[in-house]
Amino acid sequence: MNTAMTSSGTAEPVILDVAELTSDPELGARLVESTHRILADLVREGAALGWVEPPSRDEVTELIGHVVTAVRAGDGALRAAYVDRRLVGLGYWLRYARPTHRPHADLEKIAVDAAVQGRGVGRALTTALIADARRAGVEVLTLDARGDNSDALRLYRSLGFTEYGRLPDFVAVGERRYNKVFYMLDFRRQG
């Protein structure tokens, strides 16, 4: 394990990939439990992660299993951020399944524990995932976000993503409606 996981509460996050996570039995064993805690807490507080109600532990187990399987097949990347050996965030991208879209991938989730938001964890995770996508030969990395998630949208723009569309009032959370905003990072147009 990376020794940068210090006891300081202000430590920089350590960003690990699947190989690093699974090489540490303790972290690997706690991954689902820690991910469930983060996702459930964020959704409970209204985060835009695709759930209206907090996901169950079984849903998170299935999600992590699906992503890890895709990563091992070369069809995705998963990154986890740790501070003091505590999971504080994670994100992943997956290649599109449709054969005509296989050169491309979708950044599906970036989730950062509320206690460390604003400290660069989301930026570090997204930057690592972008680098993974480049190395994997992804041509276009896409994502979508809820229109009121201004911090995330600002982060994505600062990392080179450009908006390519919106669906007005598409995301339904109870009676509330939000725009769904689409972003892309086109590696083909970068030098």
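## A buried arginine

Let's start with one residue. Arginine 95 has a relative accessibility of 17%, so it counts as buried, the cut-off being under 20%. Keep in mind that this is a predicted model. Arginine 95 belongs to strand 3, which covers residues 86-95.

## The chain as a whole

Now for a step back. The chain has five helices and seven strands, and along the sequence they follow the pattern β-α-α-α-β-β-β-α-β-α-β-β. The C-alpha trace spans about 45 × 40 × 30 Å along its principal axes.

How does the radius of gyration fit a compact globule? For 191 residues such a globule would have a value near 16 Å, and the chain has 16 Å, so the two agree. Of the 191 residues, 45% count as buried. Take the contacts between residues at least 6 apart in sequence: 60% of these join residues at least 24 apart. The chain exposes about 10000 Å², and carbon and sulfur atoms supply 50% of that area.

## Two aromatic pairs

Searching the whole structure turns up two aromatic pairs. Tyrosine 156 and phenylalanine 161 form an edge-to-face pair, with 5.8 Å from centre to centre and 65° between the planes. Both partners count as buried: tyrosine 156 because its relative accessibility is 9%, and phenylalanine 161 because its value is 2%.

Tyrosine 164 and phenylalanine 182 form a tilted pair, 5.7 Å centre to centre with 45° between the planes. This pair links distant parts of the chain, with tyrosine 164 in strand 6 (residues 162-173) and phenylalanine 182 in strand 7 (residues 176-186), 18 residues apart.

## Charges over rings

Rings also meet charged side chains here. The charged end of lysine 109 sits over the ring of tryptophan 51, 4.7 Å from the ring centre. Over the face of tyrosine 178 lies arginine 146, at 4.2 Å from the ring centre.

Terms used:
Residues numbered from 1 in each chain as written. Predicted model: local features only at pLDDT ≥ 70, side-chain atom pairs only at ≥ 80, totals over all residues. Heavy atoms only, no water. Helix = DSSP H or I, 4+ residues; strand = E, 2+ residues; numbered from the N terminus. Buried < 20%, exposed > 50% of the residue type's maximum accessible area, 1.4 Å probe, protein only. Phe/Tyr/Trp six-rings, centres within 6.5 Å; stacked < 30°, edge-to-face > 60°. Lys NZ or Arg CZ within 6 Å of the ring centre and 35° of its normal. Rg over C-alpha atoms; globule rule 2.2 N^0.38 Å. Contact = heavy atoms within 4.5 Å. Areas by Shrake-Rupley, 256 points an atom, 1.4 Å probe, with all protein chains shown as cover.
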